[in-house]
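Please keep the structure in view while reading.

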Amino acid sequence: MSARPAIDLAGVTVRYRSGAAPALAAVDLAVHPGEVVAVCGHNGAGKTTLLDVVTGLHAPDPGTARVGGVDPRRLGPEGRARLGVAPADTGLPPAARAGRLLRHVASLHRAPADLDELVRRLDLRALLRRQVRRMSTGQRQRLAVACALVGRPDVLVLDEPTASLDAAGRRVVVDLLREAAGAGAAVLWTSHTLQDVARGSDRVVVLHEGRVLADAPPGSLTGATDVVRFDASPAADVATLRQALPDRLVATEAAPGLFEIVGKGVDAAVLATVATWQASHGGSGRLSVGPRELEDVLLGLTGGGAGEPAATGRR
Amino acid sequence: MTSAAPAAGPSPRGPAGAAPAWRRLGAAVAWDLRTVLGNGEQLLVTAVIPVALLVAVTLTETPDPGPLPGPAAALAAAVAVAVVSSSFTGQAIALAFDRRSGLVRFLVSTPLGRPGVIAGRLVAVAVVVAGQLGLLLATAAALGEPAGGAAAAALAVVSACAAAAFTGLGLLLGGTVRAEGVLAVANLLWLAMVALGGLVVPVERLPGAAVVGLLPPGLLGEAARVATVEGRVDAGACLLLLGWAALAGALAARWLRWR
């Protein structure tokens with residue numbers, strides 16, 4: 001990893017209106033060449049604003065932003081040529097045809113990437129003559145990723161490139177980002193789900209209400225930690241369940257009638273214990289086990305006060 | 001890794017970087033021109049309406065011309081309406097919707113950048129205005145009322161000065177107000193300029209002539225009539241139009257929003 005970050009934000013604060021709550025509050029973030037960093041947060045957490053600071057659309061006040069050592073608002077044509085931006089799916093011109101848009105962006109670069117190969121990898125062949133407005137959200141996202149990669153950039157900025165993609169599409173995009181990083185690019189991308197970015201990213205930055213709550217390898221956020229969710233009578237005596245479980249697991253009532261166990265090593269014995277307790281405390285008998293998601297991480301980081309209640313939004 | 005690798009670093013395709021400035025500008029102009037030519041409403045206001053105006057006014061036979069202008073003044077009116085349609089109404093609406101769609105926001109992050117986005121639009125407007133002028137001069141000739149060489153040259157100079165002023169005003173409107181508002185205001189202003197601004201009707205017959213004569217549509221309408229009827233450039237009007245261009249350009253540079 002080189003000494004100087006390709007993207008370097010220090011104390012970045014952005015307010016859309018003076019006096020309003022900041023969209024970004026004193027954000028520090030560095031992305032080095034060869035690194036893939038994901039910014040994860042809810043809608044409205046400040047992800048797009050953060051990318052806008054990197055691409056020079058917003059000036060931090062106060063704070064400093066540097067891309068390749070230069071204030072992104074002062075990047076010249078050569079500097080912008082090294083910056084590849086994938087706008088959110090709503091950020092492409094609706095009347096433009098995909099092929100024309102790609103060729104237009106390519107024509108702004110001296111030595112663009114092989115368009116045929118890019119089109120093949122992102123499965124855009126059948127869409128080249130289609131207008132953006134007639135494309136699905138996932139198709140627009142793949143086109144946006146292609147637009148970002150056309151100039152063979154060494155700083156890549158992508159706004160929710162995988163939000164509406166199927167598993168195969170996500171894999172292709174993540175592979176392309178990893179390849180770019182493998183060739184020395186610094187990659188910064190956003191997502192509103194933690195699972196989405198866990199596979200392809202070296203670091204995950206958790207953004208909430210404009211603040212960085214965590215900046216860590218994805219494994220340390222999701223870890224081997226599991227979450228078991230199940231229902232039972234509201235205010236059922238969860239203490240009895242705690243006593244029946246190993247100490248490494250923590251059982252709580254996340255919302256009235258909705259219970260969670262968080263910890264490492266959820267095995268068959270644990271699930272049997274939970275099922276028995278659930279049956280004797282008015283539960284339906286249904287339970288789900290999954291890796292931790294953004295909500296769980298946010299809950300852990302904010303002490304439960306963050307965003308939506310844990311019991312909603314993902315079931 | 002294949003040659004398609006979206007990668008920095010050495011590649012058989014040569015080092016990554018921006019295309020030369022002339023190629024970037026050419027690409028931006030071509031993009032904007034295709035947008036105009038591929039858009040029915042834009043074609044209607046840039047070409048069909050001015051030509052229809054010229055044909056209708058030229059062919060209308062009245063024993064006493066009264067308020068209707070003669071053929072030379074008809075050409076002046078058609079050119080004035082055409083210039084306003086493409087450089088003001090068309091630019092304002094196109095920029096507003098390109099801002100809303102996110103295209104402008106995307107393009108300013110490419111090697112094109114803010115200067116390239118604006119330069120591309122200015123050159124595209126110049127090309128469109130030149131095309132309109134050619135089309136209208138040809139139509140006038142086909143109607144048996146050809147403009148003389150001096151009149152055509154003077155019209156070209158006036159059109160260039162007016163296009164500068166109206167493009168500046170168009171970018172100012174399209175770059176600061178949201179798209180639906182721009183659509184309403186730009187079309188309303190077009191109507192007002194045609195009916196009351198002096199584009200078609202000589203300024204002296206309009207209410208508030210002293211003021212109207214100093215506003216961009218009044219200056220354009222009068223200078224275009226001087227060009228077609230007298231075959232000379234109204235230098236004073238052209239200078240005032242360039243003053244409007246400088247003012248609008250300065251305000252647009254200050255207030256234009258990219259999203």
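Chain A is divided into domain 1 (7-221) and domain 2 (224-291), bounds that come from an automatic or database domain assignment. The C-alpha centres of domain 1 of chain A and domain 2 of chain A are 39 Å apart. This is a predicted model, in which local features need pLDDT of at least 70 and side-chain atom pairs count only at pLDDT 80 or more, while totals for chains, interfaces and linings use all residues. Residues are numbered from 1 along each chain as its sequence is written, and chains are lettered from A and ligands numbered from 1 in the order in which they are written.

The secondary structure of chain A amounts to eleven helices and 13 strands, where helices (H or I, at least four residues) and strands (E, at least two) are DSSP runs numbered from the N terminus. Of its 315 residues, 48% count as buried; a residue is buried if 20 or more other C-beta atoms lie within 10 Å of its own, exposed if 12 or fewer, and partly exposed in between, with C-beta atoms placed from the backbone. Among the contacts of chain A with a separation of 6 or more, 69% join residues 24 or more positions apart, two residues being in contact if their C-beta atoms, placed from the backbone, lie within 7 Å.

Strands of a sheet pair through backbone hydrogen bonds, either parallel or antiparallel. In chain A, three strands make up an open sheet in the order β2-β1-β4, with antiparallel pairing; two strands pair if DSSP finds at least two bridges between them. Strands β2 (24-31) and β4 (64-67) of chain A stand at the edges with a single partner strand each, so one side of each has no neighbour in the sheet. From one strand to the next the twist averages 15 degrees. Strand β1 (residues 7-14) of chain A and β2(A) are joined in the antiparallel sense over five bridges, and the bridge partner of A:Val12 in β2(A) is A:Val27. Helix α1 (residues 47-54) of chain A lies across β1, β2 and β4 of chain A and runs at about 120 degrees to β1(A); axes are lines fitted to C-alpha atoms, for helices over the stretch in contact, and angles run from 0 to 180 degrees between N-to-C directions.

Chain A also has an open sheet of six strands, in the order β5-β6-β7-β3-β8-β9, with mixed pairing. Its edge strands are β5 (83-86) and β9 (211-216) of chain A, each of which pairs on one side only. Within it, strand β6 (residues 155-158) of chain A and strand β7 (residues 186-191) of chain A pair in the parallel sense over four bridges, and A:Val155 stands opposite A:Ala186 in β7(A). Helix α1(A) lies across β3 (36-40), β6, β7 and β8 (203-208) of chain A, at about 155 degrees to β7(A), whereas helix α5 (residues 137-149) of chain A lies across β5 and β6 of chain A, at about 170 degrees to β5(A).

Chain B, by contrast, has ten helices and zero strands. Its radius of gyration, taken over C-alpha atoms, is 20 Å, close to the 18 Å that the globule rule (2.2 Å times the number of residues to the power 0.38) gives for 259 residues, so chain B is as compact as a globular protein of that length. Of the 259 residues of chain B, 51% count as buried. In helix α6 (residues 149-174) of chain B, 19 of the 26 residues are buried, so α6(B) is largely enclosed by the rest of the structure.

Helix α1 (residues 21-37) of chain B includes among its buried residues B:Arg24, B:Ala28 and B:Trp31. The buried residues of α1(B) pack against α2 (77-81) and α3 (98-107) of chain A, together with α2 (40-59), α3 (71-101) and α5 (113-142) of chain B. B:Gly116, found in helix α5 of chain B, is buried, with 22 other C-beta atoms within 10 Å. Leaving aside residues up to four places away in sequence, B:Gly116 touches B:Arg24, B:Leu25 and B:Ala28.

Where the chains meet, 34 residues of chain B are in contact with 38 residues of chain A. On the side of chain B that touches chain A, α1(B) gives the most, with four residues.
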